[in-house]
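Please look over the sequence and the 3D structure below before reading on. This briefing goes through the main features by topic.

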Amino acid sequence: MNKTDSETRLPPVATVEMLTEFGPGDLQDLSDAAEAAIIDGGGFGWISPPPRETLEAFWRGVLIIPERHLFVGRLDGVIAGSCQIQRPPKNNEAQSHTCKLTTNFVAPWGRGHGLSRNLIEIAENYARREGFKVLTLDVRETQHAAIRLYERLGYVRFGTLPHYAYVRDGYVAGHFYYKELDAA
């Protein structure tokens, strides 16, 4: 008896890395994944996909901002998601112990392979190695899977903003979280 393709197909290989420059196809892959996430409602600020040149300029800009560090998750080498660690401005000495996890997403086609958890954990480890003590993040209340994951990973909700985002015809609340990196 022959096995079907789905029975013999190996699961995709999921990897996460810090990206400091784009390799061949990376900018296209990252923009494709971001666009899919935006269409699915997880657009880290965007409600609908911007023109491709705007999206690519955004990602190019992330790599040249010294306070931002980009992490990407890949499935079989194709970028399927990302997150960033954002350092506080240098003039904010009082909060120099805190950084922010931002623009975290996985494209719908890349979900279910542990990429989101891996992205967060690798970003947390980077923040810890860089000497940060607290990591903060915010998320729309409609991102139920992300909220469950953040809470499973030990993030503590410390507030909700009822007017966090304005999407389509109404406000969407957003939750604010922190995690003490020394306690993990």
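Two strands count as paired if DSSP finds at least two bridges between them. In this predicted model, β6 and β7 meet that rule with 8 bridges, in the antiparallel sense.

- In general, the strands of a sheet pair through backbone hydrogen bonds, either parallel or antiparallel.
- A parallel case is β4 (residues 98-106) with β5 (residues 134-140), joined over 3 bridges.
- Within that pairing, K100 has T136 in β5 as its bridge partner.
- An antiparallel case is β5 with β7, which pair over 7 bridges.
- Here D138 has F176 in β7 as its bridge partner.
- For β6 and β7, which pair in the antiparallel sense, A165 stands opposite V172 in β7.
- The hairpin of β6 and β7 has 2 residues between the strands, and R168 takes a positive phi near 55 degrees in this hairpin.

**Helices on the sheet**

**Nonpolar cores**

- In soluble globular proteins, nonpolar side chains tend to be buried together.
- In this model, the largest nonpolar core has 26 residues, and I85, L101 and Y155 have the most contacts inside it.
- At least two residues of this core come from each of β2, β3, β4, α4 (115-129), β5 and α5.
- The element that gives the most is α4, with 6 residues.
- A second, separate core has 14 residues, including A33, L55, I79 and A107.
- Which residues is Y155 in contact with, leaving aside its neighbours within four places in sequence? They are L101, I120, E124, L135, L137, Y150, Y177, Y178 and K179.

**Aromatic rings**

- The model has 10 aromatic pairs.
- One of them joins Y150 and Y155 edge-to-face, at 5.8 Å centre to centre and with 65 degrees between the planes.
- Y150 and Y155 are both buried.
- Y166 and Y171 also form an edge-to-face pair, at 5.0 Å centre to centre and with 80 degrees between the planes.
- Y166 is partly exposed, because its relative accessible area is 48%.
- Y171 counts as exposed, because its relative accessible area is 53% and the cut-off for exposed is over 50%.
- Ring pairs also link W46, F58, W59 and F105 into a cluster.

**Cysteines**

- A disulfide is a covalent bond between the sulfur atoms of two cysteines.
- How many disulfides does the model have? The count comes to 0.
- C83 is in no disulfide, and the nearest cysteine sulfur, that of C99, is 11 Å away.
- Is C83 buried or exposed? C83 is buried, because its relative accessible area is 0%.
- C99 counts as buried too, because its relative accessibility is 2%.

**A residue in helix α3**

- E56 is found in helix α3 (residues 52-64).
- E56 counts as buried, because its relative accessible area is 16% and the cut-off for buried is under 20%.
- Not counting residues up to four places away in sequence, E56 touches L27, Q28 and S31.
- E56 and T20 are 36 residues apart in sequence, and their C-alpha atoms are 15 Å apart in space.

Technical notes. Residues are numbered from 1 along each chain as its sequence is written. This is a predicted model: local features need pLDDT of at least 70, side-chain atom pairs count only at pLDDT 80 or more; totals for chains, interfaces and linings use all residues. Side-chain values use heavy atoms; hydrogens and water are left out. Helices (H or I, at least four residues) and strands (E, at least two) are DSSP runs, numbered from the N terminus. A disulfide is a pair of cysteine sulfur atoms within 2.5 Å. Buried means under 20% relative accessible area, exposed over 50%, partly exposed in between (1.4 Å probe, protein chains only). A nonpolar core is a set of buried Ala, Val, Leu, Ile, Met, Phe, Trp, Tyr and Cys residues joined through side-chain atoms within 4.5 Å. Contact means heavy atoms within 4.5 Å. Rings of Phe, Tyr and Trp (its six-membered ring) pair if their centres lie within 6.5 Å; planes under 30 degrees apart count as stacked, over 60 as edge-to-face and the rest as tilted.
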